[in-house]
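The structure comes first, and the description follows.

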Amino acid sequence: MSMPSTRAAAAGPNLILCLLLPFAAGYFLSYLYRTVNAILGPVIAVELGLPDNALGLLTSAYFLAFGAAQIPLGLLLDRYGPRRVEAFLLTVAASGAVVFALAEGLLGLTMGRALIGLGVSACLMASMKAFTQWFSAERLTAMTGWIMAAGGLGALVAAKPLEMALAVTHWRGIVLALALLTLLVALLLWRVVPDKESHAAVVPLRQQLRELRAIFADAHFQRYAPMGFAFIGGFMAVQGLWASRWMAVLENLDAAAVAARLTWMGITMLAGFLGIGFFATRLVQRGLSLAQLYQWAMVLAAVALGMICLWPQFAGALLWPMLGGCFSLANIAYSLVAQAFPPHWSGRASTAFNLLVFAGAFGLQWGIGGLVDALHAAGLSSAEAYRAAFVLLLGCQLLALVWFMFPRRATTDR
């Protein structure tokens, strides 16, 4: 644990910028890569003749690799620190972008996408680890909000600006440009981010694994875990691919209108993240429970998705952007989970939660594609198949919400 005087010194503006800007640039890229296939995916599918289930597998390969990296990532962050781990992994992401850009078939595209997912797997968790080291608990949610705002900006760029870029260049050139930008951010992290001195002894791997098991067994963690899977993971699965398909099939929007709608979702996400960054610390100081804010935001998200399923053309214009705003508040869960554990467990606690988030994103994104294809083959129309898949997602979210609002046992206090 760090001494109060050290944390106070770390609060200077220069050190805040040295921590915030490089990590924000990394998470901007992470979210841009995450959502880029909402626009590029249909173009690639037409060019290479990919069906919906293949497109879902291709897009969700990012989530599979990202999620698989979370447990070892937590161990590495707690042992080697966020600067070294994220800078190295971003070079892996850049190599994956090159593989993706040069691929001529589904195998190469999937391998590239998986390398990208592996490479950006530390972008949020490394920033949270660094902030946990340098800042007090009451400032952690606000700093996380600023990082999330950078992600919201990435989602925004992956919508209308990306659709405009496709009008002047090929998708392969766009991905190669992203590879170069990723290398530059890796260099920035390596050169600018300070390391936090640790006076604690190096914990043996066996003890780290025992502590990791204790995290998964903790009642507080188990209360949030299904919410991460169904709400955060579910929104990522939809936003990254299936929202654009839903809008085209059930709302009869063309490509330009879909990009505009996704842009509005990105704007509301960004506004929510900025709100967390500006106001979270003040709200905590004034006694507002962030857990209650999180809970009712997720209730609103479930209501919005239910109305979209019932009345897609009537509700879509207003409620898709509302879902973007609710998703920004869903990410409060990361801070709520991390704050329940000792600082030297923070890397593993955050990545354990993120593992379940990305398990949801991968499983739900691929599962929606497979279910839509199966229902379509069984005789349902595309609209009926998508509606059934989204209703199933809503059911998963409602079950998670009941589990969260009515826990079976009290959470532990630390």
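Contact here means heavy atoms within 4.5 Å. Helices (H or I, at least four residues) are DSSP runs, numbered from the N terminus. This is a predicted model, in which local features need pLDDT of at least 70 and side-chain atom pairs count only at pLDDT 80 or more, while totals for chains, interfaces and linings use all residues. Residues are numbered from 1 along each chain as its sequence is written, and side-chain values use heavy atoms, with hydrogens and water left out.

**Helix packing**

Two packed helices are described by the angle between their axes and the distance between the axes. Axes are lines fitted to C-alpha atoms, for helices over the stretch in contact, and angles run from 0 to 180 degrees between N-to-C directions. Angles under 35 degrees count as roughly parallel, over 145 as roughly antiparallel, 65 to 115 as roughly perpendicular and the rest as oblique.

| Helix pair | Angle between axes | Distance between axes |
|---|---|---|
| α4 (residues 52-68) and α7 | about 30° | 6 Å |
| α6 (residues 82-102) and α7 (residues 106-119) | about 165° | 7 Å |
| α3 (residues 37-48) and α11 (residues 171-192) | about 130° | 11 Å |

Helix α7 packs with α4 and also with α6. The helices α4 and α7 are roughly parallel to each other, and their crossing is right-handed. A crossing is left-handed if the near helix is turned anticlockwise from the far one by less than a right angle, and right-handed if clockwise. On the α4 side the contact involves Ala54, Leu58, Thr59, Ala61, Tyr62, Ala65 and Phe66, and these meet Leu106, Leu109, Thr110, Arg113, Ala114, Ile116, Gly117 and Leu118 in α7. Sorted by class, the contact of α4 with α7 has 11 nonpolar, three polar and one charged residues. For these classes, Ala, Val, Leu, Ile, Met, Phe, Trp, Tyr, Cys and Pro count as nonpolar, Asp, Glu, Lys and Arg as charged, and the others, Gly among them, as polar.

The pair α6 and α7 is roughly antiparallel, with a left-handed crossing. From α6 the contact takes in Leu89, Leu90, Val92, Ala93, Gly96, Ala97, Val99 and Phe100, and from α7 it takes in Gly108, Leu109, Gly112, Arg113, Leu115, Ile116, Leu118 and Gly119. The residues of this contact of α6 with α7 comprise 11 nonpolar, four polar and one charged.

The helices α3 and α11 are oblique to each other. Their contact is made by Leu40, Val43, Ile44 and Glu47 of α3 together with Trp171, Arg172 and Val175 of α11. The residues in the contact of α3 with α11 are five nonpolar, no polar and two charged.

**Aromatic pairs**

Rings of Phe, Tyr and Trp (its six-membered ring) pair if their centres lie within 6.5 Å; planes under 30 degrees apart count as stacked, over 60 as edge-to-face and the rest as tilted. The structure holds 20 aromatic pairs. In one of them, the ring centres of Phe341 and Trp345 are 6.3 Å apart and the planes lie at 20°, so the pair is stacked. Phe341 and Trp345 are both buried, where buried means under 20% relative accessible area, exposed over 50% and partly exposed in between (1.4 Å probe, protein chains only). Elsewhere, Tyr27, Tyr31, Phe235 and Phe327 are linked by ring pairs into a cluster.

**Single residues**

Thr35 lies in helix α2 (residues 13-35) and is buried, with a relative accessible area of 4%. Leaving aside neighbours within four places in sequence, Thr35 is in contact with Gly154, Ala155, Ala158, Gln239 and Gly240.

Arg348, in helix α18 (residues 346-377), is buried at a relative accessible area of 2%. With neighbours within four places in sequence left aside, Arg348 is in contact with Gly74, Leu75, Asp78, Gln208, Glu211, Leu212 and Ile215.

Gln295 is buried, with a relative accessible area of 8%, whereas Val303 is partly exposed at 44% relative accessibility. Beyond neighbours within four places in sequence, Gln295 is in contact with Arg223, Leu401, Phe404 and Met405.

Asn252 sits in the loop between α13 (219-250) and α14 (255-285). Asn252 has a positive phi of about 55° although it is not a glycine, and at 57% relative accessibility it counts as exposed.

Conventions:
Helices (H or I, at least four residues) and strands (E, at least two) are DSSP runs, numbered from the N terminus.
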